[in-house]
Amino acid sequence: MNPANDKHYRERVYEIVRQIPRGRVMTYGQIAAILGEGYTPRTVGYVMHGADSEGLPWQRVINSQGKCSTGKMTIPVNLQQSMLEQEGVKFAKDKCDLKEVGWSPDGFEPEEPEQISLFSEN
DNA sequence: AACTTGACGAGGG
DNA sequence: CCCCTCGCCAAGT
């Protein structure tokens, strides 16, 4: 489903965010990948503007580098980080280890990129 | 309808 | 590790 035809794509993002367990995080890109083609990390980031007023654990969504990126004047990144630290997420400086605290919904497996061979494989 | 702005991400220098 | 570029796409002017 493409965002343009999906008037409820925001709800789909919210639904995923709601599932993130305490002390774990997901990235914008991960969520976009789950939503499918037509969705991009940017779109997810845009949708997250309204997340706090939806009563969601918005702090559990961070960028692919393991850092909080709440942008400029919306929500201070230090607030997001301290909220996460409060629920057990450890940060080295301003970055956490996604290998450790990263999370994916049950049943979701990322697709393998297709192999492109430069030479004919026989 | 054109142009700009992001709570993004991958890749290159 | 930091900085820049580019691709991405919804919204607001």
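User: What pattern does chain A follow when read along the sequence?

Analyst: In this predicted model, chain A runs α-β-α-α-β-α-β-β-α along its sequence. That pattern comprises five helices and four strands. Of its 122 residues, 35% count as buried. Among contacts between residues at least 6 apart in sequence, 62% join residues at least 24 apart.

User: Why is the pair E11 and R18 called a salt bridge?

Analyst: The criterion asks for a side-chain nitrogen of Lys or Arg within 4 Å of a carboxyl oxygen of Asp or Glu. The side chains of E11 and R18 meet at 3.9 Å, N to O. This value falls within the 4 Å limit, and therefore the pair is called a salt bridge.

User: What makes E11 and R18 partly exposed rather than buried or exposed?

Analyst: Buried means under 20% relative accessible area and exposed means over 50%, with partly exposed in between. E11 has a relative accessible area of 38%, and R18 has 41%. Both values lie between the two limits, so both residues are classed as partly exposed.

User: Which salt bridge does R18 form with E15, and how are the two residues placed in helix 1?

Analyst: The side chains of R18 and E15 meet at 3.5 Å, N to O, and this is a salt bridge because the limit is 4 Å. R18 and E15 are three residues apart in helix 1, residues 9-19, and are therefore separated by about one helical turn. E15 counts as partly exposed because its relative accessibility is 39%, between 20% and 50%.

User: Why can the 3.5 Å pair of R18 and E15 also be called a polar contact?

Analyst: A polar contact is a pair of N or O atoms within 3.5 Å, one able to donate a hydrogen and the other to accept it. The side chains of R18 and E15 are joined at 3.5 Å, so the pair is counted under this term as well.

User: Which residues are linked in a network of salt bridges, and what else does R18 contact?

Analyst: E11, E15 and R18 are linked in such a network. Leaving aside neighbours within four places in sequence, R18 is in contact with E11, L56 and P57. R18 and L56 are 38 residues apart in sequence, while their C-alpha atoms are 6.0 Å apart in space.

User: Where do E87 and R60 lie, and why are they called buried?

Analyst: Their side chains meet in a salt bridge at 2.7 Å, N to O. This pair links distant parts of the chain, 27 residues apart: E87 is in the loop between helix 4 (77-86) and strand 3 (91-92), and R60 is in the loop between helix 3 and strand 2 (61-62). E87 has 11% relative accessibility and R60 has 10%. Both values are under 20%, so both residues are buried. In total, the structure holds three salt bridges.

User: What makes T70 buried, and which residues does T70 touch?

Analyst: T70 has a relative accessibility of 14%, which is under 20%, and therefore counts as buried. The residue is placed in the loop between strand 2 and helix 4. Its side chain reaches the backbone nitrogen of V77 at 3.4 Å. Not counting residues up to four places away in sequence, T70 touches W58, I75, P76, V77 and Q80.

User: Which residues lie nearest the centre of the largest pocket, and what lines this pocket?

Analyst: Y28, G45, M48, S69 and T70 lie nearest the centre, among 22 lining residues. Helix 2 (28-35) and helix 3 (41-47) are the elements that give two or more residues to the lining. Helix 3 supplies the largest share, four residues. By class, the lining has seven nonpolar, twelve polar and three charged residues. The volume of the pocket is about 530 Å³.

User: Why is K93 called exposed, and what is the value of its phi?

Analyst: K93 has 78% relative accessibility; this is over 50%, so K93 counts as exposed. The residue lies in the loop between strand 3 and strand 4 (95-96). Phi of K93 is near 65°, a positive value in a residue other than glycine. Most residues other than glycine have a negative phi.

Note on methods. Residues are numbered from 1 along each chain as its sequence is written. Chains are lettered from A and ligands numbered from 1 in the order in which they are written. This is a predicted model: local features need pLDDT of at least 70, side-chain atom pairs count only at pLDDT 80 or more; totals for chains, interfaces and linings use all residues. Side-chain values use heavy atoms; hydrogens and water are left out. On a 1 Å grid over the protein atoms alone, a cavity is a set of points where a 1.4 Å probe fits but cannot get out, and a pocket is an open set with protein on both sides within 12 Å along at least five of seven lines; lining residues have an atom within 4 Å of a point. Grid points are joined across faces, edges and corners, and a volume is the space filled by probe spheres set on the points. Ala, Val, Leu, Ile, Met, Phe, Trp, Tyr, Cys and Pro count as nonpolar, Asp, Glu, Lys and Arg as charged, and the others, Gly among them, as polar. Buried means under 20% relative accessible area, exposed over 50%, partly exposed in between (1.4 Å probe, protein chains only). Contact means heavy atoms within 4.5 Å.
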